[in-house]
Amino acid sequence: QIPVHNQGIIHRDIKPANLLWSADRRVVKIADFGISHFSYAQFLAAKGKAAGAANQEEHDKILMDESDLTRFAGTPTFLAPEILSDGTADVSNSSTATNLQTLETTAAEGRKQVITKAIDIWAFGVTLYAFLFGKLPFVAEGEYLIYNKIKEENFDVPEIMGLDQLPVGGRFQKKPKKGQETEGYLAVDLLQGLLEKN
């Protein structure tokens, strides 16, 4: 979980350019909250309160409106599959602008998956992949092709990672015995959890 999630904030644009090191290089801070969203339901959940409490006041009901999360926001290569998937729109058949409008319309009609803080976890996974391998997991020429790759394709991993050129061992590895995991295995295992499409 990203620390701002405890405050009910969904950042919506986690990427390397929005992460800053502290002066001593021990702390990473998240920057640029320009398109972030305050989720009252998430805030209540973090505080251990029921989101649907019977004594909810009228202003609380207004704050529970999460429809803003269905709007496209963020950097295309870091968008989570649930933002792009609505079950009806195919982002490969027409212009990006038309696809964005179609996806937003179907989202407003309630046919879209629920969008949660998981979109930040996905974007963090894409960011970690970029840090480990020096490239992004889903690349293509044009936004709609990138969107289709994010929705439909699995990521792959290079044979080595980092400046140390550590061997990775492939995308699908046999689980080693506890204590015998390699850095490559642990990195791929973490990425598989972060970049889970379902």
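Modeller: Let me begin with a polar contact of 3.0 Å, which joins the side chains of Asp 13 and Thr 75; a polar contact is a pair of N or O atoms within 3.5 Å, where, within protein, one atom must be able to donate a hydrogen and the other to accept it, and residues adjacent in sequence count only if both atoms are side-chain atoms. This is a predicted model, in which local features need pLDDT of at least 70 and side-chain atom pairs count only at pLDDT 80 or more, while totals for chains, interfaces and linings use all residues. Residues are numbered from 1 along each chain as its sequence is written, and side-chain values use heavy atoms, with hydrogens and water left out.

Asp 13 lies in the loop between strand S1 (9-10) and strand S2 (19-21), where helices (H or I, at least four residues) and strands (E, at least two) are DSSP runs numbered from the N terminus. With a relative accessibility of 9%, Asp 13 counts as buried, a word that stands for under 20% relative accessible area, whereas exposed is over 50% and partly exposed is in between (1.4 Å probe, protein chains only).

Just after H5, Gly 134 takes a positive phi of about 75°.

The rings come next. A search of the whole structure finds three aromatic pairs; rings of Phe, Tyr and Trp (its six-membered ring) pair if their centres lie within 6.5 Å, and planes under 30 degrees apart count as stacked, over 60 as edge-to-face and the rest as tilted. Trp 122 and Phe 138 form a stacked pair, 5.9 Å centre to centre with 15° between the planes.

Because Tyr 129 lies in H5 and Phe 155 in the loop between H6 and strand S5 (160-161), the pair ties together parts that are 26 residues apart in sequence. Tyr 129 and Phe 155 are both buried, and ring pairs link Tyr 129, Phe 133 and Phe 155 into a cluster. Phe 155 has a further neighbour, as Arg 171 lies over the face of its ring at 3.8 Å from the ring centre; a charge sits over a ring if NZ of Lys or CZ of Arg is within 6 Å of the ring centre and within 35 degrees of the ring normal.

Several of these residues meet again in the largest nonpolar core, where, of 30 residues, Trp 122, Phe 133, Phe 155 and Val 157 touch the most other members. A nonpolar core is a set of buried Ala, Val, Leu, Ile, Met, Phe, Trp, Tyr and Cys residues joined through side-chain atoms within 4.5 Å. Helix H3 (81-84), H5, H6 and helix H7 (183-194) each supply at least two residues of this core, and H5 gives the most, with seven. Leaving aside residues up to four places away in sequence, Val 157 touches Tyr 129, Phe 133, Val 168, Gly 170, Arg 171 and Val 188.

H7 can be seen from its own side too: its buried residues are Gly 184, Tyr 185, Ala 187, Val 188, Leu 191 and Leu 194, and what covers them includes H5, S5 and strand S6 (166-167). On the side of H3, Leu 84 is found in that helix and counts as buried at 0% relative accessibility.

Methods
Contact means heavy atoms within 4.5 Å.
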